[in-house]
Amino acid sequence: MGAQGRHCVGGRVRARVAGLALAALCMLPGLAQAEQASPFSVVVAENTWADLVSQVVGPDMTVTVVLQSPLADPHVYEPTPDDARHVADATLIVGNGAGYDAWLDRLVGAAGLPAAHVVRASDWPGWQDGANPHLWFDVQVVSDFVRRFTAACQQVDPAHAQAYAARAARLLAAIDAVAADMQKLRGHIAGQHVAATEPLFTPLADRLGLVMEEEAFQIAIMNGVEPAPAAVAAFESDLATHRLRLLAYNQQVEEPSVEHLVAKARAAGVPVLPLTEMLPAGEHWQAWVSGVVAQVARLLGAAP
């Protein structure tokens, strides 16, 4: 899927689902905020990574999140002067990278921050240009990110190095537990053909051994262009004939062509899996992803 990195929205604007906005106003669990007196601060582009950051820094750094609302599309977000000020004043900066939040790169460049103070998920050794940017659903990338971010914290704040290491060890154990559950489920569902309306689900599907289909349709939706009629027809046929065992979709985005396929899937009795790009309010990353994995198991008839 070499075109996955091209996720700038072109001719069409993806509508964000307003009904999810209220939930996003809640704070992240355990997230340190400005009332704390720490001289060290982290600015994080998205709330998915902010939750992991918060679990590592604890009370030793202040965490500020730029994007928490599902109404904000990271692909096309226009930062405010306040965002620029927070970035310029931050000790560390965290983002997804991979072109998903290119606006953050512009703010970092304008602030002239040292490269060692910027931690991107896409900087892990396995990343290749054009690969899938939805890195928070890849447990290997998440583990690598936690390790690199912890090292960055220890470098800028050596007085709390042991505390960062202890909190990171607990988080990495939780991530390993999620990966172990996925590996166990893989033995029951690997090889089944599934699809999604955009490549959001692909990292999880790959880890579970599922066979991802309808990639041409997914890339078109991610890039904000109309899917080709042939891709739509193939998608509809695979749903109607039950070649596809599951359909995942991004419930933060309203697209008539997506809603059409979700309706087709439901009419054909194909299980539908709703996903979000933002971390749901009140959850930690590990509980969120474990919940998605449990849903996949249930929808594919592999739940205990």
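Two strands pair if DSSP finds at least two bridges between them. With that in hand, here are some friendly notes on this predicted model.

1. **β6 and β7.** Strand β6 (residues 193-196) pairs with β7 in the parallel sense, and three bridges hold that pairing. Within it, A195 stands opposite E213 of β7. Helix α10 (residues 256-268) packs on the sheet, where it touches β8 (247-250) and β10, and its direction makes about 150 degrees with that of β8.

2. **The sheet around them.** In which order do the four strands of this open sheet run? The order is β7-β6-β8-β10, with parallel pairing. β7 (211-213) and β10 are the edge strands, each pairing on one side only. Direction ignored, neighbouring strands of this sheet are turned by 30 degrees against each other on average.

3. **The other four-stranded sheet.** An open sheet with parallel pairing also has the order β3-β2-β4-β5. Its edge strands are β3 (62-67) and β5 (118-120), and each of them pairs on one side only. From one strand to the next, the twist averages 20 degrees. Strand β4 (residues 92-95) runs parallel to β5 and is joined to β5 by three bridges. If you want a residue to look at there, the bridge partner of I93 in β5 is V118.

4. Helix α2 lies across β2 (41-46), β3 and β4, running at about 155 degrees to β2. Helix α5 lies across β2, β4 and β5, and its direction is at about 170 degrees to β4.

5. **A look at S41.** This residue is found in strand β2. Is S41 buried or exposed? S41 has a relative accessible area of 19%, and the cut-off for buried is under 20%, so S41 counts as buried. Leaving aside neighbours within four places in sequence, S41 is in contact with T62, D89, A90, T91 and L92. S41 and V57 are 16 residues apart in sequence, with 9.5 Å between their C-alpha atoms.

6. **Helix α11 by itself.** The buried residues of α11 are W285, Q286, W288, V289, V292, V293, V296, A297 and L299. After α11 comes G301, whose phi is positive, near 70 degrees.

7. **What covers α11.** The cover over the buried residues of α11 includes the helices α2 (47-57), α5 (139-156), α6 (161-189) and α7 (202-207), together with strand β10 (272-275). Two of these helices, α2 and α6, are taken up in the next points.

8. **α6 against α11.** The axes of α6 and α11 are 10 Å apart and the packing angle is about 10 degrees. Angles under 35 degrees count as roughly parallel, so α6 and α11 are roughly parallel to each other. On the α6 side the residues that meet α11 are L171, A174, I175, V178, M182, L185 and I189. Their counterparts in α11 are W285, Q286, V289, S290, V293, V296 and A297.

9. **α2 against α11.** Here the packing angle is about 130 degrees, with the axes of α2 and α11 9 Å apart. That makes α2 oblique to α11. T48, D51, L52 and Q55 in α2 meet W285, Q286 and W288 in α11.

10. **α2 against α6.** α2 also packs with α6 at an angle of about 130 degrees, and their axes are 7 Å apart. These two helices are therefore oblique to each other. The residues that meet are L52, Q55, V56 and V57 in α2 and Y164, R167, A168 and L171 in α6.

11. **Aromatic rings.** How many aromatic pairs does the structure hold? There are seven aromatic pairs. One of them, formed by W136 and F137, is tilted, at 6.1 Å centre to centre with 50 degrees between the planes. W136 is buried, with a relative accessible area of 1%, and F137 counts as buried at 1% relative accessibility. Ring pairs also link Y100, W136, F137 and W288 into a cluster. W288 is one of the buried residues of α11, and it takes part in the contact with α2.

Technical notes. Residues numbered from 1 in each chain as written. Predicted model: local features only at pLDDT ≥ 70, side-chain atom pairs only at ≥ 80, totals over all residues. Heavy atoms only, no water. Buried < 20%, exposed > 50% of the residue type's maximum accessible area, 1.4 Å probe, protein only. Contact = heavy atoms within 4.5 Å. Axes fitted to C-alpha atoms, helices over the stretch in contact; angles between N-to-C directions. Phe/Tyr/Trp six-rings, centres within 6.5 Å; stacked < 30°, edge-to-face > 60°. Parallel < 35°, antiparallel > 145°, perpendicular 65-115°, else oblique.
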